[in-house]
Every structure is written in C-alpha cells, then in structure tokens.
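I open this notebook to record what I looked up in one structure. The entries follow in the order of my reading.

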Amino acid sequence: MSTSVMPLLPVRDIVVFPYMILPLFVGRDNSIKAVEEALEGNRLVFLSAQKNMLDEAPTPDQIYETGTVAMIVRMKKLPDGRAKVLIQGMHKAVIKSFEQTDPFFKVKVENIEEKELDVSNPEISALMRNIREQIEKIVAMGKLLSPDILVVMDEIKDGSKIADIIAANIGLNAQDAQQILEQTDPLKKLYKVNEHLLKEAEIISLQNKINNMAKDEMTRAQKEYFLKEQMKAIKSELGDNDGKNEDMSDIRRKLTEIKMPEEVKIEAFKQLDRLERMHPDASESAVLRTYLEWITETPWMINSEDNMDLEHAKKILDEDHYDLEEIKERIIEHLAVSKLNKKIKGPILCFVGAPGVGKTSLGKSIARALGRKFVRISLGGVKDEAEIRGHRRTYVGAMPGKIIQSLKQAGTNNPVFVLDEIDKLGADFKGDPSSALLEVLDPEQNFSFRDHYMNLPFDLTNVMFIATANMWDTIPPALRDRMETINLSGYTSEEKIKIAQKHLIPKQLNENGLENKNIKFTDKVLLKIITQYTKEAGVRTLERLIGKICRKTAKLIATDKNFPEKITPQLVEKYLGCPLYISEEKNVSDEIGISTGLAWTQYGGEILMIEVASSKGSGLKMTGNLGEVMKESATTALSYVKTMAQQYGIAEDYFQHNEVHVHFPSGAVPKDGPSAGIAIATAIISHITGRPVSKDVAMTGEISLSGKVLPIGGLKEKALAAMRAGIKVIIAPELNKKDLVNIPAEFKKKLKFIFVERVDDVIDAALLPKKIESVEFFKGSKKQVKAVA
C-alpha cells in the first residue's frame, strides 16, 4: 500500500466520503494554513473528523485515524477572515503518524485499498434492490434526496462505491458516518447502509404521523374559530359583545382619534383586521396587540408649543447657568428663527467638555426655556444596534429602540433629546450603534426614521437633539460631521466662585436643612476650596465639598452645639483636612536659567517652571516626566539656539563641551504638549548668556527651527493661571491675537499681553540686561571663564 505526507484538515460535525464534492468553511488559523500549504503543493489534503465537535484546538488523539484524501478544487477568502473551500473526495486512507503539529497538522497516511463487490452476485443483487426500494420509499415520504442517487446505482457496478455515495447523501450523524467510512468489508458496509435506510424510513413515517395529527388539530381549531365567529355574529345581533370585541373596539377608536401619517394609519388598520380574525389564544395575537398599543401610544403628530418669548428664555438660561454665553446665544438664535420660519428643523448640537461642566443639566435648562419635554438616554457602553433601532418583531420579547421608547415617554414629537456620552459608544458582532445614529442625527434622513420594531417612518426633524461628550476625538468622524459642536472649556476659579454663590451653596443649604440658618461662605473661603481641594474643569467636586461642610454644620446644630454662621479658612481645614493641592507661584526674583511657561490641562491652566543647567559633556538631557511632543520641543529649541549662537553671543564651541540639562519640576506629574518651545529656548539662552528672566513674565508658544513662534490653544485658561500666580506679562504668538476677544475684561486690566512672531522678540521682552558676572563652561580638560557682554 502506498503512503504519502500531506496537510491534515480536521472537520467538525461532518464526515467526508470518497467521490463527494462539497464546500467547506475554514475558520481556524491552523486549518487555513493547512489549506494554503496544500494549494502550494499538489492540492491534496487529508480530511478527518474530530471526535468532539466543540474542540477548537483538537490534539492528535482527538482526531479519527480513518479519513479521506481530497483534492482542493478552489478556495475563496471571505471578508470575515474565513475561507470557503470546494473539495472533492478521492479515496480513503488511514493516519500512520503525525509528522508536524504546529503551525498546522501534517500527517503520513496510507491508502486503503478496497476490494470491488460484484453486484451480479444474487445476495448482493437482492441487497441492492432492497436499498433502492428503501430510497424510493423515503423520497416518496418527503425526504429531500438528490434524484441522481438512483441513476448512480444503475450505472456503478462497485457495491463499495455505491455504499459510500448513499452514506454521504442520507444525512447520517458524524458518528454513524464514521463507522461506515471505517468499514473495509464492502458487504458489511452495504448491510450497514441498508440498516440506516430502514431506520430513516421508520423515523419519517413517525414524523408524518405526527404532522397528520397536528393537521387534524389545526382543522379542529379552524372549525372552532368558524363556530366562534358565528357565535360572535349572533351575540352582535343580540347586542351581547364579549371582552375581545370591547378591546378591538377600543383599539379601533384610538386609531381613529389619534393623528398619525396616512401610511401609519393604513398599516395600523391592516394589522387590526388581522388581529380581529385571529384566535385569541394564538401566539401571534399577543404580539400584534402589543404592536398596536405601541402605535397608539407613539406621539406621531403630537407636539408641544414652543415658548417664543426670547427674554423669558434668556432669563431661564441665566437663572440655571452662569456664563456659557455661546450656548445661550445659539438657543436664542434658534427661537428667533423659529419665530420667522415655522418649518425650521430641530438643531443637532454636541456639547464637548470635561466632566462636571454642566452639559446634561444645560439640556434640562434648554427644555425649560423652550417649554418642551426633556428626555435623556445614556449611550455609554451601548454596543447593540438594536438599542437604537429596536428588535424586529420576529424575535421573542422584541421592543422598539431607545429613540422611540423615549419619544413615547415624552408624549411629544419635539422634545429636547439628550444623547449622553456619545463618545463612549461601543460596537461588537451585534452591530455598530454609531452607524444607526447616522440616520437619527442626519437632517436629510431623519424625517423618515424607521425603527425595526415599528417598521414605520417617524419624523424626527422636530426633535432638538443635544449630544454630550468628554472627548471630541473618539466620536466617529461620520457622526461628528452631522453635529454642530460647542466646546465647554471649563470654568475659571472666579467663575466657579460665582457659580457656587449663585447655585451650589443655596442648593446644598436647602438639601441639608440650613436654608434659614444664614450660613455664609466668603469668596476667599471658596477660592481656598477650589485651589487647594479640587482639581477639575467643572464643579462636581466643589459641590460635594460644600455639601460636606454643610453636613458638619448640620451635625453641630442637631446636637445643640454652637455653630459658625461664617465659614472661615480655618474651619475649611478642620472640616476637609489638609489641602490636597498646592499651586505653583511665580519666582520671587529675576532668575538666570529659569523661565515660566504656561500649560493647559483638563482642569484649567497651570504655570510651569522650566529650569536649565549645564555640565561637562555634550548633548541634551531632559527630565521631569516629559511626553514625546514636549521632548521634541526641547530638541527644537536647543537646535535653534545652536544655530543662532553667534547672534546671542554664545561661544562657537560651547555645545561641544557642555551638556545642556532641561528640567521641569514636579517630576511625578506627566507633562506633554507643543506650547513650551519658546519658554525652553528662553531658559537655555538665559542660562548661557547670564541674562536673568523677568519674574513677572510668563510665556506660551511653540518654536520652529527657523525661529518662528507658532500658535497654541487654551489662551484663556493659561491667562487665568498666570493671573493667579501673580504674573503681570504674558508673551504669546502673534497668531493668537484673535483669541483676545475670549479673554474677560478683568483679565485684560490685570495682565499685559505681548504678541510675538519670532523668538528674537521673546528674548527682548523676557530677558533683562546682563549683570556683571561670568558664565563658566568647559573646554577640554581645563575650566575656562568667558565673560559675555
């Protein structure tokens, strides 16, 4: 017997016989590699069933030894990573040894030679005739078999081949099929096939008997339905209506009274007619009834009337939120346009900002200002498309998606609809919810939004959608394109104080039963809480800390002890503990080699001290937990200083013998961003030339190799940080001059802004004249002293 080595492809829940042609879907990595290996060679692969179909990675002892050598006719790669392979069984073989197990199985197989069985033998002829009759019988009973089997039986004279072909086509389970494949005696194989055919005929006979019984039951049910319909007609004539008729009449009355689009009305009455003809105990009856209830309770054409009083709307928005002028102006604009154009579509806004800045509560205020209902759904972690579009009614327990559910809850078709945390949408094999939202948030499509459950068009153009997000970058680009974005950059300390005095303190005093106790928080106390106990863009932590102080005071009152009517800084430390954060202050004197930078964080602005020193060596050393962008800024700054060394009076060989060390204090805090370039360059030049940096100057701006000062972001927050630290002058890029319109007037009174285009301008503004002293640097093995004028 001949042997050969070839790739092994374990198959699940199927046994491949010789002469079979069938497609296989290959998904496992090792199986795909086995197929690719076969295609690179003689296209032969050994197919053998695995003993447990649930095993994802079967071992050699979990695979049957007997299988079929097959030819791969063709292969097609599928989009999901699988491969579709068309194979043709050639002949049986048995595994002799496993030559390879990784990355795929490669086995040495020995062909199984089967002796031919002459069908002219009387015993075999009778057996073949019996098999043919059994096949004809099960086909007549309704078994779906290929009609070519009978033709093959007439043309092929080898009984072993006939047994294999029949076994491959009668739908045997994998275990029974494997037994026939392993049988080498053709006569025993034919008897085994005949046994399975007899068993199949008996099963089909019982199946038909059960179907006939069910059919008789259906006939009886139809008869009962006919009689009940007659009874209903008689009762109708007598004026004696049953409960079902009352329900149907109630649904029909609601459908007649409710305003809805014509297409919806036609479909609703069509389904109602179906329900009336249906038996009350039918399973679909409850599904249809629930569907009709959803149709009657959905606000197809019910809308609340907007309050068009612009002054009233502005008053409400000012009552609930401090500042946020851009958002308030946008809502007033919408009202003004609505006053002139009654058919305006609802805006689709996206509020992007850090947690706690009031994005969701702003949606409530907008609804109150417009006189509309307010609904909110949270999209954080939503992974199933059906959460948005609903389930199809064919599923058990199907229901509409959150859009239709929320509109039903609101009772109107024009609420203020907040889509919270849109930047935290997920996606998995159940679908992509962000793609489903494209239809919801597109004004050109949402006039006919179709929920899978309702399967009827709903007009969403009247809804005011407001999405909220913490991060703009994580929102899918297609969704970003459909929304009007408004950034909430966070509150300054002064704004937080005003928010606390106007909103947070009255709320906490009321919640803790202190509204009549005349408890006072001074601005100084609030500033201490904000700067030393919180580090946030919003006011959530601030509100919690004010609440904690109120609870401590309430405890004193409840125990009949003296309580302070005025909260002092000492009481803050007593109630809240030691300060958690300490703000950096500006330098107390003009320093050489130390500059003050400005940084933006999600909690607001910060000042950033940058220190430069040098030692024997060469190159650049950076410390202070810096990110890649900031490291690149430092490298660029040093390269610029090297290039312009002669202009600044720096010795030509200074950098060959001195290592420049740039350090950012607070090493435990990660630092990154592109706006520290000019501050680093200033500190380096100050250190080398001996010219001190003014203590009253802070700067922000990126640097290019040619000495240009490039624009930055967050100028408002950085200006606030500078003002808190006692800085008097801010140096910023010329291209940021336009951002002055966003800087409050009180900032402009206390700060002087110098806008620069080149690093030369920064040096002139930031460095003071050199004092008479020397700067040491290293050259060779001797320390040299060079005075720089």
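Two strands count as paired if DSSP finds at least two bridges between them. Strands (E, at least two residues) and helices (H or I, at least four) are DSSP runs, numbered from the N terminus. Within this pair, Val418 stands opposite Ile466 of strand 12.

The model is predicted: local features need pLDDT of at least 70 and side-chain atom pairs count only at pLDDT 80 or more, while totals for chains, interfaces and linings use all residues. Residues are numbered from 1 along each chain as its sequence is written, and side-chain values use heavy atoms, with hydrogens and water left out.

I then traced the sheet, which is open and has five strands in the order 8-9-12-7-13, with parallel pairing. Strand 8 (374–378) and strand 13 (484–488) are at the edges with a single partner strand each, so one side of each has no neighbour in the sheet. The twist from one strand to the next averages 20 degrees.

I noted that helix 14 (residues 402–410) lies across strand 8 and strand 9 and runs at about 155 degrees to strand 8. Angles run from 0 to 180 degrees between N-to-C directions, with axes fitted to C-alpha atoms, for helices over the stretch in contact; contact means heavy atoms within 4.5 Å.

Last, I checked confidence, pLDDT (the predictor's confidence in each residue, from 0 to 100). The chain averages 83, and 91% of the residues score at least 70.
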